[in-house]
Amino acid sequence: MIFREWQSSLFIKIKHQSQAVTFFTRPVLMKKFKKKEESEVTTKMCDCKTTDSRENILDGVLAECGFDAGNLITVLQKAQDIYGYLPIEVIYYVADKLGITPAKVMGVATFYAQFRLEPVGKYLIMLCKGTACHVNGAESISAAVTNELGIENGQTTKDGLFTLKTVACLGCCSISPVMMINDEAFGSLTPEKARNILKDFRKASSEEKGGLA
Ligand code: FES
């Protein structure tokens, strides 16, 4: 069903959190999701006997939202909190439970910048390149972060710790230049301050691991 709807357009637009837009040709996107459809989608999310606790939590969210398609954005926000992003299996599952097409759910998930369709690292860095941050040195912060982590916008470090996304405005221009790491904002950045913050996160993560060992 979903593919039938998508077949009507030659290019499919995926809008990322960074506001960047990727165009997939129809055959490429169909191949990408067809593979999923044939494997996990049909075997995992449609299996009501699954013991995945995240699915149980998602079921609770759907019930709280009354299985109402009018609450789709809320459901997707909570699903993203549960999974860290919106896997294609979740798109299908939510569509099934809300009685709407996967294409409709995908349309909402790709329209709003807040939704992620790919997994991200443990720490999601949102680096602001809006006007206020730009005039206050966002480019030098970006260069420092890129050099420190060895990744560009949209990439995740090999150790899975950091994902870097550039955004247009984080809504706290008075403390520009700004970056957010997960839910925490860091303002009045300098390149050195940014590098030290990243080192602190890396250190905290390895200490956590050490504590668990
Ligand atoms: S422009 Fe960076 S927070 Fe607004």
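What share of the 213 residues in the protein chain is buried? The answer is 23%, where buried takes 20 or more other C-beta atoms within 10 Å of a residue's own, 12 or fewer counts as exposed, in between is partly exposed, and C-beta atoms are placed from the backbone. This is a predicted model, so local features need pLDDT of at least 70 and side-chain atom pairs count only at pLDDT 80 or more, while totals for chains, interfaces and linings use all residues. Numbering starts from 1 along each chain as its sequence is written.

**Overall layout**
- The protein chain has nine helices and six strands, taken as DSSP runs (H or I, at least four residues, for helices; E, at least two, for strands) and numbered from the N terminus.
- Of the contacts with a separation of 6 or more, 60% join residues 24 or more positions apart; a contact here is two C-beta atoms, placed from the backbone, within 7 Å.

**Nonpolar cores**
- The largest nonpolar core holds 19 residues, and Ile125, Leu127, Cys128, Ile141, Val145, Met179 and Ala194 touch the most other members. Such a core is a set of buried Ala, Val, Leu, Ile, Met, Phe, Trp, Tyr and Cys residues joined through C-beta atoms within 7 Å.
- Strand S3 (123–128), helix H8 (138–149), strand S4 (162–167) and helix H9 (191–212) each put in at least two residues, with H8 giving the largest share, five.
- Leaving aside residues up to four places away in sequence, Val145 touches Ile125, Leu127, Leu164, Ala194 and Leu198.
- Another core of 17 residues lies apart from that one, with Ile91, Tyr92, Tyr93 and Ala109 among them.

**H3 against H4**
- The axes of H3 (residues 53–64) and H4 (residues 72–83) come within 10 Å and cross at roughly 160 degrees.
- On the H3 side, Arg54, Ile57, Leu58, Val61 and Leu62 meet Val75, Lys78, Ala79, Ile82 and Tyr83 of H4.
- That contact splits into eight nonpolar, no polar and two charged residues (nonpolar: Ala, Val, Leu, Ile, Met, Phe, Trp, Tyr, Cys and Pro; charged: Asp, Glu, Lys and Arg; polar: the others, Gly among them).

**H4 against H6**
- H4 also packs with H6 (residues 102–111), at about 70 degrees with axes 11 Å apart, which makes the two roughly perpendicular.
- Leu72, Ile73 and Leu76 of H4 and Val105, Val108 and Ala109 of H6 make the contact.

Notes. Axes fitted to C-alpha atoms, helices over the stretch in contact; angles between N-to-C directions. Parallel < 35°, antiparallel > 145°, perpendicular 65-115°, else oblique.
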